[in-house]
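This briefing is meant to be read alongside the sequence and the model.

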Amino acid sequence: MSMDRRSFNRRLVAGGAVAATGVTSLSVASAAPAPMAAAEGPKRAPAGGKVHHLTMVAERLGTGKIGYGFEKGKATVPGPLIDIVEGDTVHIEFTNLTDVDASLHVHGVDYDIANDGTRMNKSHVPPGGKRTYTWRTHKPGKRADGTYREGSAGYWHYHDHVVGTDHGTGGIRQGLYGGLVVRREGDILPDKQFTIVFNDMQINNLPGAQSPNFEATVGDRLEVIMITHGEFYHTFHIHGHRWADNRTGLLGGPGDTSRIIDNKITGPADSFGLQIIAGEGVGAGAWMYHCHVQSHSDNGMAGLFLIAKPDGTIPGYEPHHKTAAKKDGKDAQGASAQGTHTGH
Amino acid sequence: MSMDRRSFNRRLVAGGAVAATGVTSLSVASAAPAPMAAAEGPKRAPAGGKVHHLTMVAERLGTGKIGYGFEKGKATVPGPLIDIVEGDTVHIEFTNLTDVDASLHVHGVDYDIANDGTRMNKSHVPPGGKRTYTWRTHKPGKRADGTYREGSAGYWHYHDHVVGTDHGTGGIRQGLYGGLVVRREGDILPDKQFTIVFNDMQINNLPGAQSPNFEATVGDRLEVIMITHGEFYHTFHIHGHRWADNRTGLLGGPGDTSRIIDNKITGPADSFGLQIIAGEGVGAGAWMYHCHVQSHSDNGMAGLFLIAKPDGTIPGYEPHHKTAAKKDGKDAQGASAQGTHTGH
Amino acid sequence: MSMDRRSFNRRLVAGGAVAATGVTSLSVASAAPAPMAAAEGPKRAPAGGKVHHLTMVAERLGTGKIGYGFEKGKATVPGPLIDIVEGDTVHIEFTNLTDVDASLHVHGVDYDIANDGTRMNKSHVPPGGKRTYTWRTHKPGKRADGTYREGSAGYWHYHDHVVGTDHGTGGIRQGLYGGLVVRREGDILPDKQFTIVFNDMQINNLPGAQSPNFEATVGDRLEVIMITHGEFYHTFHIHGHRWADNRTGLLGGPGDTSRIIDNKITGPADSFGLQIIAGEGVGAGAWMYHCHVQSHSDNGMAGLFLIAKPDGTIPGYEPHHKTAAKKDGKDAQGASAQGTHTGH
């Protein structure tokens with residue numbers, strides 16, 4: 001696998017997102033080409049400090065769902081991935097196109113109480129209303145008293161906090177959630193990104209028979225943003241691949257004693273990220289990912305990483321009617337169908 | 001925020017605990033002023049090696065609860081926080097003022113089998129009986145064979161192990177539990193401490209409508225001792241603040257790859273601690289903490305960190321009848337109502 | 001406790017395993033004496049790179065269970081522990097002696113898609129059939145692009161993926177699972193190993209009244225391979241002992257900020273390992289281990305670490321009819337009854 005192909009994939013993802021959403025206000029950030037990988041290393045996150053101006057809507061989809069999107073008519077479940085760097089600020093002009101109060105509540109980053117996205121703090125938006133939420137991030141550093149302050153980097157997420165109940169139970173159930181990645185300068189950037197949300201007993205609000213598959217080629221550096229929502233605990237498992245149970249999902253070197261895992265218990269609003277090299281040491285294949293709670297996987301909480309050889313073939317894989325059916329679905333979504341704001 | 005005010009807060013907490021319990025035998029340890037913070041840094045835990053003699057009772061409260069307290073008539077739920085340093089020893093003369101067998105079982109620290117607090121090991125106490133439990137702690141160090149032995153430092157807890165069942169299910173359900181912090185010499189000390197126990201579907205055994213709020217001022221270094229008990233899993237979430245998922249809840253420096261989180265899955269008898277600077281980077285406000293399992297928060301597993309500006313105001317916050325009702329409750333408790341033994 | 005006794009224990013364990021299974025093809029690896037401990041340190045894992053050829057069967061036990069074993073008639077629940085070193089390869093000639101399709105799916109290590117052990121990838125085995133599964137492992141190192149690749153070391157496990165459902169729910173429920181340890185060269189080796197599997201509401205598929213006890217002597221370095229399976233979440237707790245929540249279950253030194261714990265939430269297919277020095281700092285005793293979900297322990301998810309003094313006595317411990325009953329059970333198993341493949 002050459003560096004050229006990787007870079008090509010990355011541009012495709014970023015470019016595809018822009019095209020899908022058509023939000024020209026994003027193009028400066030999203031279309032900014034990632035720094036070209038030097039021959040000797042992967043792409044890495046640049047320094048932060050940018051100010052991003054995004055628009056976001058919440059709107060009903062035709063199938064009992066509500067989604068977030070960067071513009072009207074483009075909402076998806078999960079909502080668009082927002083991918084920024086420590087030091088960045090994001091202003092999100094949020095328009096509520098639904099017929100109920102809705103909001104945007106975020107995890108992990110800095111926001112003052114007027115941006116809490118809760119009814120208690122009067123930071124929700126009535127039907128037809130508009131409000132700008134501001135999220136700030138910061139680098140790690142030293143406080144005035146000499147102690148070390150952690151940075152904002154992490155695999156975070158955003159969600160509604162008011163639809164249905166004061167904790168957004170109805171909004172989350174219907175799909176009002178999305179991923180937020182905050183990187184540290186120098187963090188390794190992936191070639192492809194997939195957001196996987198275990199929400200109640202479904203993945204990305206899709207019925208079990210339509211659980212999403214994700215496509216890649218051997219050697220791609222894949223990033224999974226894994227979020228849990230709803231009522232139940234789950235265990236997230238991938239076949240044939242594993243990751244570090246730490247901030248980046250990657251070991252930095254031999255001194256990192258983080259556990260390497262391929263299965264992780266997770267509960268509502270937990271989120272974590274992982275990077276894997278597709279097929280590394282194991283090759284191409286239709287590699288399952290699934291909740292390992294037995295009744296959950298038996299009822300459909302399982303999908304595939306379809307990792308192809310460079311020639312596009314996947315050994316032993318025969319697409320079956322489950323996948324075919326999914327392609328007919330109006331809401332079927334993989335990473336390619338979601339918007340993405342990559343702010344670096 | 002000046003160092004002077006922080007130190008003042010700390011003395012208030014420690015002094016308040018002594019006053020609340022009135023246990024003069026604790027005064028030597030608890031009233032010992034924390035080492036004055038140097039202008040350039042926070043207060044830090046001193047060297048361990050002290051021997052503490054505490055008295056503890058278990059007694060029924062008037063509301064279907066049983067609590068631990070440092071003296072008769074002063075039991076609370078959670079029981080008093082015990083806060084010591086590696087190398088310390090604690091002798092607890094425990095008197096069972098209830099009408100059923102009860103005990104004191106502890107997590108994390110060293111005790112011989114006669115101090116197990118279990119019926120099987122005949123280390124429980126009959127009604128009206130008395131028994132001294134001894135807990136020891138140790139610093140990290142090298143074993144004779146050259147391997148590294150971990151120290152006792154951690155956010156631990158104690159609970160009954162015999163009321164209702166041989167695993168103390170009835171005792172725990174009714175409130176027989178409390179926090180235990182063991183610090184390492186040099187660990188950063190907080191200004192204020194809050195013990196939050198998710199016990200079955202309640203917080204600190206308070207009905208949902210009376211979930212405890214915790215008060216602080218922007219800049220206070222808050223410590224949360226988070227314990228789970230009972231039957232269910234939960235996810236602990238705080239709005240606008242986050243912590244390190246490691247031993248101290250704080251990053252020591254850039255080499256620490258621990259994940260920074262604001263949400264954590266936890267099950268019965270799990271415990272962890274975290275320190276946050278109140279309002280750091282986000283300012284004053286009524287910041288929610290809650291279980292993020294949707295039905296749990298919807299049913300009341302949610303409270304507030306009421307973080308005021310230095311002038312005492314909290315932007316956007318209007319105390320409502322929920323809080324007013326709580327003030328009328330006989331068992332309403334915040335950190336200020338619990339006893340605390342701070343052995344440093 | 002002398003080094004001599006430790007080495008003696010270790011040989012007993014390894015020898016016992018060989019005797020119990022009678023599989024001479026294992027003898028080269030299993031009987032290979034562990035490197036003699038130098039007077040100043042514990043035994044440590046040697047360099048990897050071995051190729052192991054094992055045979056494995058799945059067979060019905062007489063009690064509604066199905067187990068894995070190294071040979072016909074020797075199946076146990078859990079199946080035999082496989083204990084190897086990074087760089088090793090394991091070829092397992094698997095024979096399905098049951099009357100239903102069965103397979104061998106493994107966590108953590110490298111295998112190509114034809115060794116996935118799933119029906120989807122046609123890597124299961126019909127009744128009476130035979131198939132060789134190959135598992136590979138690798139050391140950590142640098143990739144061509146300069147990034148750090150994690151090694152295979154970890155506390156992993158294997159299980160059926162096809163009995164009952166396409167996720168092996170029936171196979172796992174009936175006992176088709178076992179532990180797999182992959183060590184890094186230099187990792188500290190234990191004196192005794194115990195596999196503890198919380199499977200649905202039982203430990204090692206034994207009824208609550210027969211939960212397994214594990215025997216050791218003060219000073220033994222014990223290793224627990226803890227695996228969860230089935231439908232429920234649990235919290236694993238040991239009395240009087242604790243461990244590091246990291247890759248090895250041990251702290252390497254003062255720079256490791258991993259949390260020290262004695263209680264850990266865990267869900268289906270999670271696995272972790274820990275090493276404890278039996279009775280260190282606390283002495284001999286009948287030390288409970290149990291699930292700390294209250295209804296689970298109350299219903300029998302509790303057993304004992306019976307840690308004896310060098311003279312064989314256990315202070316305060318009176319074996320009761322529960323234990324006596326267990327000895328009559330046909331399937332009663334401790335570590336000594338399971339096969340073990342120790343590939344170092």
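**Asparagine 246 of chain A**

N246(A) lies in the loop that runs between strand 16 (243-244) and strand 17 (260-261) of chain A. The model is a predicted one. With a relative accessibility of 2%, N246(A) counts as buried.

- The side chain of N246(A) comes to 2.8 Å from the backbone nitrogen of G249(A).
- The side chains of N246(A) and D256(A) are joined by a polar contact of 3.0 Å.
- Apart from neighbours within four places in sequence, N246(A) is in contact with L251(A), D256(A) and S258(A) in chain A, and with T257(B) and R259(B) in chain B.

**Contact between chain A and chain B**

- Chain A contributes 49 residues to this contact, and chain B contributes 49 residues.
- About 3700 Å² of area is buried between chain A and chain B, and carbon and sulfur atoms give 52% of that area.
- Between chain A and chain B there are 7 salt bridges.
- One of the salt bridges pairs D110(A) with R242(B), where the closest N and O atoms are 3.1 Å apart.
- On the side of chain A that touches chain B, the elements giving two or more residues are strand 8 (148-149), strand 9 (154-159), helix 3 (169-174), strand 18 (263-266) and strand 19 (271-277) of chain A.
- Strand 18 of chain A gives the most to that side, with 3 residues.

**Relation of the copies**

**Cysteines**

- How many disulfides does a search of the whole structure find? The search finds 0 disulfides over all chains.
- For C291(A), the closest cysteine sulfur is that of C291(C), at 18 Å, which is too far for a bond, since a disulfide needs two cysteine sulfur atoms within 2.5 Å.
- C291(A) counts as buried, at 0% relative accessibility.
- For C291(B), the closest cysteine sulfur belongs to C291(A), and the distance of 18 Å is again too far for a bond.
- C291(B) likewise counts as buried, at 0% relative accessibility.

Terms used
Residues numbered from 1 in each chain as written. Chains lettered and ligands numbered in written order. Predicted model: local features only at pLDDT ≥ 70, side-chain atom pairs only at ≥ 80, totals over all residues. Heavy atoms only, no water. Buried < 20%, exposed > 50% of the residue type's maximum accessible area, 1.4 Å probe, protein only. Contact = heavy atoms within 4.5 Å. Buried area = accessible area lost by both parts, 1.4 Å probe. Salt bridge = Lys/Arg side-chain N within 4 Å of Asp/Glu carboxyl O. Helix = DSSP H or I, 4+ residues; strand = E, 2+ residues; numbered from the N terminus. Polar contact = N/O pair within 3.5 Å; in protein donor to acceptor, adjacent residues only side chain to side chain.
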